[in-house]
Amino acid sequence: MTLKLYYHPLSSFCWKALIALYETGTPFEPVFVDLGDAKSRADFLAVWPIGKFPVLQDEARDHLVPESSIIIEYLAQHYPGSSKLLPHDQDAARQVRMRDRFFDLHIHTPTQKIVGDRIRPADRKDPQGVDDARALIRTALSIVEEGVGSGWAMGDNYTMADISASPALFYADKLKALEDFPKTQGYLERLKTRPSFARTLKEAEPYFQFFPKE
C-alpha cells in the first residue's frame, strides 16, 4: 500500500484526514496508534518523534506528511480523486484555508482544552482556562451562525472547510455549545449525513465510551 495513515479513531484531528481520504476515494493502510501501549507508542515515535497524529506516510513519493490540514492539502494535490477539496481559484482557496483555520483554532482547539481538563487530576484543573475556552467557542459559533446558509461552508461546494467543521462542531455539540445556535446545529446535521463523515463516525462509535464526561 502506497499510503499509510497513523491515527486513532477517536482523535478529532484524525477525523479530518479520514474524511479527506474517504472523500477522494484514495486507498490507504490505516495504522492504529495506541499511545498508552509502549510498543505502539515507540513504533509511532520512530516514524514521527513529535508523537502527535494524524501522520500520512507516502511510501511511493517518499514523503511524510504530519498535521491534518497539510494532509488534506497533500491529498488535494497528489490524490484528488473526484472531490475538489480546494478550489483552483486562488482567492477561493484562500477563503477555504481561512475557514479551515477558523474551525481548528477557535472551536476545535478550545473544545479540546475543555475535554482535556476533564481528565486532569483535581488539583491540576484549570477553571479559568476552561471559561476562556468556552467564551472563545461561543464567539466563534456566533460568527458561524451569522454566516452559515443551507449548504456548505463555501456555498454549494463541499471543501476542506467542511471537513474541518465536522469534528469541531461534533465535539462542541458534545459540550452542549451549539444549543443557542440553531443554524449551526442544522449545518452539523448536514455534515453528519455526508458519507465520508458518516463512515468516520461509525468507525469511531466503539471508542465513544472513552470520551471523558463531566
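Author: A salt bridge here is a side-chain nitrogen of Lys or Arg within 4 Å of a carboxyl oxygen of Asp or Glu. The model is predicted, so local features need pLDDT of at least 70 and side-chain atom pairs count only at pLDDT 80 or more, while totals for chains, interfaces and linings use all residues. Residues are numbered from 1 along each chain as its sequence is written, and side-chain values use heavy atoms, with hydrogens and water left out.

Reader: How many salt bridges does a search of the whole structure find?

Author: Side chains of opposite charge can pair when their charged atoms come close. The search of the whole structure gives 15 salt bridges. One of them joins the side chains of Asp117 and Arg120, at 4.0 Å from N to O.

Reader: Is Asp117 buried or exposed?

Author: Burial is read from relative accessible area: buried means under 20%, exposed over 50%, and partly exposed in between (1.4 Å probe, protein chains only). Asp117 has 8% and is buried, whereas Arg120 has 37% and is partly exposed.

Reader: Which parts of the chain does the pair of Glu73 and Arg97 link?

Author: Elements come from DSSP: helices are runs of H or I of at least four residues, strands are runs of E of at least two, and both are numbered from the N terminus. The side chains of Glu73 and Arg97 form a salt bridge, 2.7 Å from N to O. Glu73 sits in helix α3 and Arg97 in helix α4 (residues 90-118), 24 residues apart, so the pair links distant parts of the chain. Glu73 is partly exposed at 23%, as is Arg97 at 31%.

Reader: Where do Glu189 and Lys192 lie?

Author: Both are in helix α7 (residues 182-193), three residues apart, about one turn of the helix. Glu189 is partly exposed at 36%, and Lys192 is partly exposed at 27%.

Reader: Which residues are linked with Lys16 in a network of salt bridges?

Author: The network links Lys16 with Asp100, Arg101 and Asp104.

Reader: What is the order of the strands in the open sheet?

Author: Two strands pair if DSSP finds at least two bridges between them. The open sheet has four strands in the order β2-β1-β3-β4, with mixed pairing. Its edge strands, β2 (29-32) and β4 (63-66), each pair on one side only. Strands β1 (residues 3-7) and β3 (residues 55-58) are antiparallel, with four bridges; Leu3 stands opposite Asp58 in β3.

Reader: Which strands does helix α3 lie across?

Author: Contact means heavy atoms within 4.5 Å. Axes are lines fitted to C-alpha atoms, for helices over the stretch in contact, and angles run from 0 to 180 degrees between N-to-C directions. Helix α3 (residues 68-78) lies across β1, β3 and β4, at about 135° to β4.
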